[in-house]
Structure formats: structure tokens, C-alpha cells
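Please open the model in your viewer and keep the selection panel at hand. The stops below go from one selection to the next.

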Amino acid sequence: MKRAWVFAVALLLKPVLGRAEPAPPLYENRCSVCHQAGGVGVPGAYPRLAGRAGAIAGLTDGRRAMVSAALYGVAGVLKVDGQTVVGVMPGFAEVKDAEIAAVLTYVSHLGGAHPKPFTAAEVAKVRQGDSLTPNQVNALLRQPAITAVAP
Ligand code: HEC
């Protein structure tokens with residue numbers, strides 16, 4: 001009986017406390033191995049996405065850099081929370097635009113920020129541009145406007 005009450009209260013509080021969106025399958029299957037469940041990252045190795053991706057996604061250039069990262073991968077030296085990360089991320093160019101959009105929307109909403117959702121059209125537009133190397137994507141992420149919001 002007591003348990004039933006705890007359950008009922010938990011259900012009532014869930015919309016208030018646990019507003020986390022469910023992770024799309026692409027995140028679970030391909031991203032969480034490095035960026036971890038909930039996008040908490042591994043300090044010094046894999047960038048935290050929770051809180052950070054949302055800030056980057058608030059900028060037009062940041063959104064383009066995020067789509068490029070997902071499509072083409074990222075490699076190089078990156079500052080994450082003031083710590084230097086020398087990392088390599090694979091690209092996921094074989095994944096459909098809509099799935100890339102869903103996974104980027106998911107990571108940009110981790111940590112409470114609510115930038116506008118990524119769309120399949122937005123991903124397609126980046127894909128139609130020049131294909132970038134992982135090092136070029138790293139340079140996009142290191143633009144001063146982006147490091148200002150995600151130091
Ligand atoms: C093999 C590990 C690995 C996997 C898998 C991976 N990433 Fe990454 N990711 C990294 C590393 C390492 C970096 C930083 C690269 C660098 O140092 O230039 C990064 C960078 C990023 C960034 C930029 C972060 C920032 O703060 O500038 C985003 C966004 C991102 N990843 C999203 C994703 C998404 C979405 C997926 C799944 C589709 C994914 N990653 C899969 C390792 C990974």
C-alpha cells in the first residue's frame with residue numbers, strides 16, 4: 001500500500017522533475033558510447049554535450065558546426081570546460097537527415113536549454129555544401145563566437 005503511494009506521487013511529480021526527453025535510438029546506439037548517457041561526457045576525453053550543445057545550438061554558426069560534426073566527424077584540439085581535449089569523433093554521413101536532426105535536437109535540449117529543433121532540411125543544406133574534413137569541423141567549433149558560449 002505504502003509503495004502504491006510512493007508510485008502515485010512519483011508519477012505526479014514526473015512531469016515537473018523528470019522532463020528529460022527520451023534519447024533517440026541513434027544516440028543510444030552510436031553516441032552514448034563516448035558522450036555517455038545523458039550527454040555527461042568524460043572530462044578530458046569526450047566533450048560533455050549536456051548544457052554545452054544547447055548553447056552552441058543557439059548560434060547559426062554553431063548549428064552548422066554541430067551538423068557538420070555529426071556528418072563528417074571532428075578531430076583536433078578542443079577546449080571543453082577549460083580542459084584540453086585531443087580527440088577524434090567519427091562522422092555519421094550514412095545516417096538519414098531526419099535521424100541526424102533528431103539526435104542533435106535531443107543533445108541540444110540536454111541540460112535545460114531549448115534552442116529550436118534541428119530539421120531534416122537544415123541537415124540536408126549542410127550536406128549539399130562542401131564536404132569537410134574532421135579537422136575543418138574542429139576549426140568550425142573553435143570559432144570565437146562558439147567558444148564564447150561553450151568555453
Ligand atoms: C568515438 C567517440 C565518439 C562518438 C561515437 C561520438 N562522438 Fe561526438 N565527439 C567525440 C570527441 C572526441 C569530440 C571532440 C573532438 C575534438 O577533439 O576535436 C566530439 C565532439 C562532438 C561535438 C562538439 C562538442 C563541442 O563541445 O564542441 C558534438 C556536438 C558531438 N560530438 C556530437 C556527437 C553525436 C550527436 C554523436 C552520435 C551521432 C557523437 N558525437 C558520437 C567523440 C565521439
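Which residue in E2 does leucine 78 stand opposite? Select leucine 78 together with valine 85: valine 85 is the residue in E2 that faces it. Bear in mind throughout that this is a predicted model.

E1 and E2 pair in the antiparallel sense, over seven bridges. Two residues lie between the strands of this hairpin, where aspartate 81 takes a positive phi near 55 degrees. Colour E1 by accessibility next: the strand is mostly covered, with five of its seven residues buried.

**The iron site**

His35, through NE2, and Met89, through SD, coordinate the iron at 2.0 to 2.1 Å. For comparison, ideal angles for six octahedral donors are 90 or 180 degrees.

Check the accessibility of both residues. Histidine 35 counts as buried because its relative accessibility is 11%, under the 20% limit. Methionine 89, at 25%, counts as partly exposed.

**The largest pocket**

The largest pocket has a volume of about 720 Å³. Its lining comprises 40 residues, and those nearest its centre are His35, Pro47, Leu49, Val74 and Met89. H2 provides the largest share, seven residues. Colour the lining by residue class: 30 residues are nonpolar, five are polar and five are charged.

**The second largest pocket**

Move on to the second largest pocket, with a volume of about 200 Å³. To see its lining, select Thr60, Arg63, Arg64, Val67, Lys116, Glu122, Lys125 and Val126. H4 and helix H6 (120–128) each give two or more residues to this lining, and H4 gives the most, with four. By class, the lining of the second largest pocket divides into two nonpolar residues, one polar and five charged.

Key. Residues numbered from 1 in each chain as written. Predicted model: local features only at pLDDT ≥ 70, side-chain atom pairs only at ≥ 80, totals over all residues. Heavy atoms only, no water. Donors = N, O, S within 2.8 Å, 3.2 Å for Na, K, Ca; no water. Buried < 20%, exposed > 50% of the residue type's maximum accessible area, 1.4 Å probe, protein only. 1 Å grid on protein atoms, 1.4 Å probe; cavity = no way out; pocket = protein on both sides within 12 Å on 5 of 7 lines; lining within 4 Å. Points joined across faces, edges and corners; volume = space filled by probe spheres on them. Nonpolar A, V, L, I, M, F, W, Y, C, P; charged D, E, K, R; others polar. Pairing = 2+ DSSP bridges.
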